[in-house]
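Thanks, everyone. I'll take a few minutes on one model, from the whole chain down to a single loop.

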Amino acid sequence: MKILGFAGSNSSESINRKLVRYVSSYFSEHEVEVLDLNDYEMPIYSMDRERDDGIPLLAYAFAQKIDECDLLIVSLAENNSAYSAAFKNIFDWVSRIPQRKVFGEKPMLLMATSPGPRGGASVLELAKARFPRNGAEITDTFSLPAFYENFDDAKGIVSIELRLQLESKIKSVKERLQI
Ligand SMILES: Cc1cc2nc3c(=O)[nH]c(=O)nc-3n(C[C@H](O)[C@H](O)[C@H](O)COP(=O)(O)O)c2cc1C
């Protein structure tokens with residue numbers, strides 16, 4: 001079973017990447033890869049660029065990573081209630097690959113976290129409504145509010161209530177995938 005994780009952020013200190021890595025640790029008996037969006041940086045999507053230069057190879061490379069996995073673990077950074085520009089750009093380019101649904105009908109555990117009390121609830125709602133139309137089979141969603149109060153780099157999620165909530169979601173994902 002191959003697990004592919006990524007954070008919707010290009011920050012080198014991304015709290016969403018920390019959350020993805022933490023959740024990935026619950027799948028340690030499987031092959032886990034966590035992508036860095038910085039490795040998929042492309043020119044800002046424009047119809048003119050697509051017409052003149054085509055779709056960048058990095059968009060195909062990102063799509064291939066998705067195609068090779070059995071489960072996606074995603075945590076989105078919230079910028080002004082929406083996707084980060086770094087994520088949106090990759091999303092847009094991959095969505096332009098002919099005959100492709102971005103997330104390739106793969107199951108996805110969809111999350112968001114932010115330092116604020118809403119824990120990226122807006123971007124989570126946005127993605128929850130949209131990603132199924134891009135071929136994501138969202139198995140569950142999880143929001144971690146007030147990241148710096150609820151997460152410790154060494155211990156992971158320190159709030160018992162939030163930890164139990166997440167663990168129960170991870171359990172159902174595993175049951176669903178029979179892993
Ligand atoms: C331009 C910008 C807009 C932001 N807008 C929001 C927002 O709407 N809601 C929110 O909870 N946090 C917002 N934040 C704070 C981010 O949640 C915070 O920077 C977080 O660390 C981003 O996740 P990351 O560390 O994974 O990149 C914003 C940050 C930036 C730089």
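Start with contacts. Take those in the protein chain with a separation of 6 or more: 74% of them come from residues 24 or more positions apart. Keep in mind that this is a predicted model.

Now the inventory. The protein chain has 7 helices and 7 strands. Read from the N terminus, the elements go β-α-β-α-α-β-α-β-α-β-α-β-β-α. The radius of gyration is 16 Å, close to the 16 Å from the globule rule for 179 residues, so the chain is as compact as a globular protein of that length. The C-alpha trace spans about 55 × 35 × 25 Å along its principal axes. As for burial, 37% of the 179 residues count as buried.

On to the sheet. What is the strand order? It is S2-S1-S3-S4-S5, an open sheet of 5 strands with parallel pairing. Which strands stand at the edges? Strand S2, residues 31–35, and strand S5, residues 136–144. Each has a single partner strand, so one side of each is left without a neighbour in the sheet. On average, neighbouring strands are turned by 20° against each other, ignoring direction.

A quick reminder for anyone new to this. Strands of a sheet pair through backbone hydrogen bonds, and they do it either parallel or antiparallel.

Let's look at the pairs. Strand S1 covers residues 2–8, and strand S3 covers residues 71–76. They run parallel and share 6 bridges. Find Leu-4, and you will see Leu-72 of S3 opposite. Find Phe-6, and its bridge partner in S3 is Val-74. Helix H1, residues 15–24, packs on this sheet. H1 touches S1, S2, S3, S4 and S5. Its direction makes about 160° with that of S1.

Now the other neighbour of S3. S3 and S4 are parallel too, joined by 5 bridges.

How many of its 6 residues are buried? The count is 6 of 6, so the strand is largely enclosed by the rest of the structure. Both faces are covered. Leu-71, Ile-73 and Ser-75 are buried on one side. Leu-72, Val-74 and Leu-76 are buried on the other.

Next, helix H4, residues 85–95. Its buried residues are Ala-86, Phe-87, Asn-89, Ile-90, Phe-91, Trp-93 and Val-94. What do they pack against? Strand S1, helix H3 (57–67) and strand S3.

Between S3 and H4 there is a loop, and I want to stop at three of its residues. Tyr-83 is in that loop. Is Tyr-83 buried or exposed? Count the other C-beta atoms within 10 Å: there are 22. The cut-off for buried is 20 or more, so Tyr-83 counts as buried. Its contacts, leaving out residues up to four places away in sequence, are Gly-8, Leu-76, Lys-88, Phe-91 and Val-123. Look at Gly-8 in particular. Tyr-83 and Gly-8 are 75 residues apart along the chain, yet their C-alpha atoms are separated by 7.2 Å.

Now Asn-80, in that loop between S3 and H4 as well. What is its phi? About 50°, a positive value, although Asn-80 is not a glycine. Asn-80 has 9 other C-beta atoms within 10 Å, and it is exposed.

Then Ser-81, also in the loop between S3 and H4. Phi of Ser-81 is near 65°, again positive in a residue other than glycine. Ser-81 has 12 other C-beta atoms within 10 Å. Exposed means 12 or fewer, so Ser-81 falls in that class.

Last stop, the ligand. How many residues surround it? There are 16, and the closest are Ser-9, Ser-14, Asn-16, Ala-77 and Ser-114. What is the make-up of this shell by class? It has 4 nonpolar, 10 polar and 2 charged residues.

One is S3, with both faces covered. The other is the shell of 16 residues around the ligand. Over to you.

Terms used
Residues are numbered from 1 along each chain as its sequence is written. This is a predicted model: local features need pLDDT of at least 70, side-chain atom pairs count only at pLDDT 80 or more; totals for chains, interfaces and linings use all residues. A residue is near a molecule or strand if its C-beta atom, placed from the backbone, lies within 6 Å of it. Ala, Val, Leu, Ile, Met, Phe, Trp, Tyr, Cys and Pro count as nonpolar, Asp, Glu, Lys and Arg as charged, and the others, Gly among them, as polar. Two strands pair if DSSP finds at least two bridges between them. Helices (H or I, at least four residues) and strands (E, at least two) are DSSP runs, numbered from the N terminus. Axes are lines fitted to C-alpha atoms, for helices over the stretch in contact, and angles run from 0 to 180 degrees between N-to-C directions. Two residues are in contact if their C-beta atoms, placed from the backbone, lie within 7 Å. The radius of gyration is taken over C-alpha atoms; the globule rule is 2.2 Å times the number of residues to the power 0.38.
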